[in-house]
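Reader: Before we look at the model, I would like each label set against its cut-off, so please take me through the aromatic residues in that way.

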Amino acid sequence: VLPFLHEIKGGAATKEISCALAIRACDSVNLQLDRMLESSEVFQCCGEDFNAQGLSKVLSFYLLSEVLFLVLTGVAHVTFTSDSVRVIAADQEVVAQLHRKWFANYLEQTSAISSLALFDPVVKGFQNSPEFGKVISLLGQNLRDKIFAIPAGELPGRLARLESVKWINKLCDLTALIMWCQIKNEMVEMPFEYLDKISLCKADIDWLKDFLKDRALPDRVFIFGNNGVRIDNPTVTVQLRSIFHDVASKLSDARLNELLGMFFEKHYIARYFDCEELSGCYVVHPGLSWDMKAGDAFDLDVDMIIEDLSRKHFFFVQVKYLRAGGKAYLAGDLDYVRTNKLSKGLMQLDGARQALECGSLNDWLGEAGLSCNSDNSSFLLIHNVTNFDFCVWPSGVVSYEWNTLRNLLKKGQVIHGHSQTTPEQWNAASVLPIEEPDKVIQHFMHNVPAGVMGGVNSLFESDHVSVTFSVADKTIECQGLGL
């Protein structure tokens, strides 16, 4: 018997809904198990006997800690009776925040899974082709762009020569080769003799195996056997970022953070708007900093100002790159909020907003030929952390993860289909109002074919799902919080 009961309030549960709720309960239990193992630094489990009742009590305590966090941060409201506790979303703004979070998670999972479709054209038995290594390298480059936001062939030499960046290529090529072997070539694992097809050798594999042995089993990504290596979880975005972070720390590339951040923040994003699909829709103007025009009254720094030509709307933009992205659980969100990078970016954009509203930027904007004002301007934080995709911060700043934003800029471009059909591309009829994430989400939910086919319209039915569990002699019921 599972320690958590998931049910829908106010409606009869069909067989399909009951099955979905049972799966959701299993996911919830697995999540708390994962939290327990990580916090206890348990790297591997073995044996068959365990105390089910005792484990249920511990998992309930872990879920309670999550609920307490939501209550203490004002996300949830709690009411008490003599023998029970009921917890719900604090208000409608919290409900909106949860909806954005759920949609962002859905989009990230869908995107990660859709990456598997890239392997469809590479047919079974293709390893004997002289072009095989080149094709795997291209697949690896696609993964590198998706996971690390580092585009192929665009890195400056001093960054590309860093040993840690070379390991990004190795990890992505290795992942691509293993996934092709398992998905398309129907193999249990990638044989070590295939390594000569890519940029790795057996010494690299031995180094990686030794490096990963102290990580928790789910976070190792690569499972090594005597004759080969496999991947059990094909959606490895977060884990690969984490491995790279640790590899870079071990190799101690002193300039990695500076060079990688500068490339992403100062060069890559701005140049991206020069591509043919965007050049007629947006114009990138130079940014400004506090010591240029606004004086000491405001702490502001704007990397660039993006002009939406069709709507005459302006975005004051800060760009932040974090080497490790996508930490799990609420604790992961909290870690990022506390980091200097994101919080500093938010404060600098808020300073720009205040300066714009009080007119301190009027002279500078006039000299630059920009007609920005409080009515036609928004403030945008671009980053590479999936935790804060489709996010609206208390100051009014909107933030998007780069993989999401670059598709939204292309009128919400979505490629959809499956292995038996030719992929189709969908775009909205006009530029999307990215300064209003709720409108973008609603547009996706009601118009994108892939979203409709994927059942995204039922995503917010979680508002009606309650989870019930017990701690000591109290029954705790949480509704609409996505637990």
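Reader: Why is Phe103 called buried?

Author: Phe103 has a relative accessible area of 1%, and buried means under 20% (exposed is over 50%, partly exposed in between, with a 1.4 Å probe and protein chains only), so Phe103 is buried. At 17% relative accessibility, Tyr106 counts as buried too. This is a predicted model, in which local features need pLDDT of at least 70 and side-chain atom pairs count only at pLDDT 80 or more, while totals for chains, interfaces and linings use all residues. Residues are numbered from 1 along each chain as its sequence is written, and side-chain values use heavy atoms, leaving out hydrogens and water.

Reader: What makes the pair of Phe103 and Tyr106 tilted?

Author: Rings of Phe, Tyr and Trp (its six-membered ring) pair if their centres lie within 6.5 Å, and planes under 30 degrees apart count as stacked, over 60 as edge-to-face and the rest as tilted. The centres of Phe103 and Tyr106 are 6.3 Å apart with the planes at 35°, so the pair is tilted.

Reader: Why is the pair of Phe390 and Tyr400 called edge-to-face?

Author: The planes of Phe390 and Tyr400 stand at 75°, with 5.2 Å centre to centre, and the pair is edge-to-face. Phe390 is buried at a relative accessible area of 1%, and Tyr400, at 0%, counts as buried.

Reader: How do you know that Lys170 lies over the face of Trp167?

Author: A charge sits over a ring if NZ of Lys or CZ of Arg is within 6 Å of the ring centre and within 35 degrees of the ring normal; Lys170 lies over the face of Trp167, at 4.8 Å from the ring centre.
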